[in-house]
Amino acid sequence: MAELGSKGVTAGKIASNVQKKLTRAQEKVLQKLGKADETKDEQFEQCVQNFNKQLSEGTRLQKDLRTYLASVKAMHEASKKLTECLQEVYEPDWPGRDDTNKIAENNDLLWTDFHQKLVDQALLTMDTYLGQFPDIKSRIAKRGRKLVDYDSARHHFEALQTAKKKDETKIAKAEEELVKAQKVFEEMNVDLQEELPSLWNSRVGFYVNTFQSIAGLEENFHKEMSKLNQNLHDVLLGLDKQYSGNAFPVKAQPRKKTKLFARLRKKMSSDSTPAKANKSPSPPPDGSPITSPETKTVNHELEPSTLEAPGASIPKSPSQSSLPAVVVETFPATVNGTVEGGASSERADMPPGFLFKVQAMHDYTATDSDELQLKAGDVVLVIPFENPEEQDEGWLMGVKESDWIQHKELDQCRGVFPENFTERVQ
């Protein structure tokens, strides 16, 4: 009997809930059709709008914070790989090896600590802050349903009162239902009317605390990371001083063989003067060793008649010398006769088409008849190529300033030279 009673109560409750849903649906339809008035509370509606905005902003902040933490984790891994690479290439006999290992360990610990503190002081706080919204959102929805119940009970009571044939028993029961619905609604409404404004105002303090925590953690992290980077810089500076004599060599850019033969045809058609023999470049002032010459191969697509021309010899590409490491400033290639930022207009005291000046940083021994022989300190006036297609990457056309002042003749003095043996001075 108890089970039947329990089942009966459950069935009755289900039936009651179904009836409530039907009544609410009917009431909302009437309200939308304008056949029934709806209780409005503009102040509460504004609170609900603020609540939804606050929830949306908080959810976005939580998402972006998780993205930030994922980025920190990725940077940690990348930094760890980089320091591991440094440890592997740092040879045992180099000074500061133990220091670099210690720096790598501290770097890893610093990243780990930074990530964990962000989780504890920002992400978990964010999760707690957003944890209160689902319950309040559910209560707002429930209040909306109770408001419909109240309006429905009110309309039912009013309809019975205005009916031509009044039934006092039904009126009394309807009034009782109205009072009950009103009480349930007002209890929920009062609580939310107090909580929602308070929740809305709390956002200011929460955002301040959250971003202050993130900013403070970042400040401390970068401050400690800066110390580690300075230590690493000092260690590598010591290594550089001990091995300062083994600088990375600077070589001239190889000239392309197709353009080399284009110049050869021009030379052969004018004076058929044989090119000079290939020479090794002169040693740099600091005595750095010279690398072995590189010889360019012949372009097999050149016509046989040209290759067999009497008295013609094939010029070879310049050999590249091992030079001490220098800082080489690169400028745009003068393939069209102009350089951005350079002087494009002709000057009376400069050769036609003058672009800018460069100064030789090292000696360069010409290995072809159309190349300039340079000594460290020579100033060269850079001019455009007559045919831009003949310009090789890394090579410039010019005339030494001393030759131009003395002869004022381009045909006899101009030549090509490797750009990375010079630096721009004007």
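## A tour of helices, salt bridges and a buried strand

Begin by selecting helix α3 (residues 97–131) together with helix α5 (residues 168–242): their axes come within 10 Å and cross at roughly 175 degrees. That angle makes α3 roughly antiparallel to α5, since angles over 145 degrees count as roughly antiparallel. Colour the residues of this contact by class, and the α3 contact with α5 shows 17 nonpolar, 8 polar and 5 charged residues. Please note that the model on screen is predicted.

Next, select P95, which is found in the loop between α2 (42–89) and α3.

**Salt bridges on the helices**

The tour now turns to charged pairs. How many salt bridges are there? The count comes to 11, and the following stops visit some of them.

Select D127 and R66. These two residues form a salt bridge, with the closest N and O atoms 3.4 Å apart. D127 lies in helix α3 and R66 in helix α2, so the pair ties together parts that are 61 residues apart in sequence. Both ends can be examined for accessibility: D127 is partly exposed at 27% relative accessibility, and R66 is partly exposed with a relative accessible area of 43%.

Remain on α3 and select K117 with D113. The closest N and O atoms of this salt bridge are 3.3 Å apart. Both residues lie in helix α3, 4 residues apart, which is about one turn of the helix. K117 is partly exposed, with a relative accessible area of 35%, and D113 also counts as partly exposed, at 35% relative accessibility.

Being 3 residues apart in helix α5, E224 and K227 are separated by about one helical turn. E224 counts as partly exposed at 35% relative accessibility, while K227 is partly exposed with a relative accessible area of 47%.

For the last stop among the charged residues, select D135, R139 and E195 together. These residues are linked in a network of salt bridges.

Finally, select strand β1 (residues 356–360). Of its 5 residues, 4 are buried, so β1 is largely enclosed by the rest of the structure. Buried here means under 20% relative accessible area.

To view an individual pairing here, select K357, which stands opposite L381 in β2. Another is strand β5 (residues 422–424), joined to β1 by 3 bridges, again in an antiparallel arrangement. For this pairing, select V358, whose bridge partner in β5 is R424.

Conventions: Residues are numbered from 1 along each chain as its sequence is written. This is a predicted model: local features need pLDDT of at least 70, side-chain atom pairs count only at pLDDT 80 or more; totals for chains, interfaces and linings use all residues. Side-chain values use heavy atoms; hydrogens and water are left out. Buried means under 20% relative accessible area, exposed over 50%, partly exposed in between (1.4 Å probe, protein chains only). Helices (H or I, at least four residues) and strands (E, at least two) are DSSP runs, numbered from the N terminus. Two strands pair if DSSP finds at least two bridges between them. Axes are lines fitted to C-alpha atoms, for helices over the stretch in contact, and angles run from 0 to 180 degrees between N-to-C directions. Angles under 35 degrees count as roughly parallel, over 145 as roughly antiparallel, 65 to 115 as roughly perpendicular and the rest as oblique. Ala, Val, Leu, Ile, Met, Phe, Trp, Tyr, Cys and Pro count as nonpolar, Asp, Glu, Lys and Arg as charged, and the others, Gly among them, as polar. A salt bridge is a side-chain nitrogen of Lys or Arg within 4 Å of a carboxyl oxygen of Asp or Glu.
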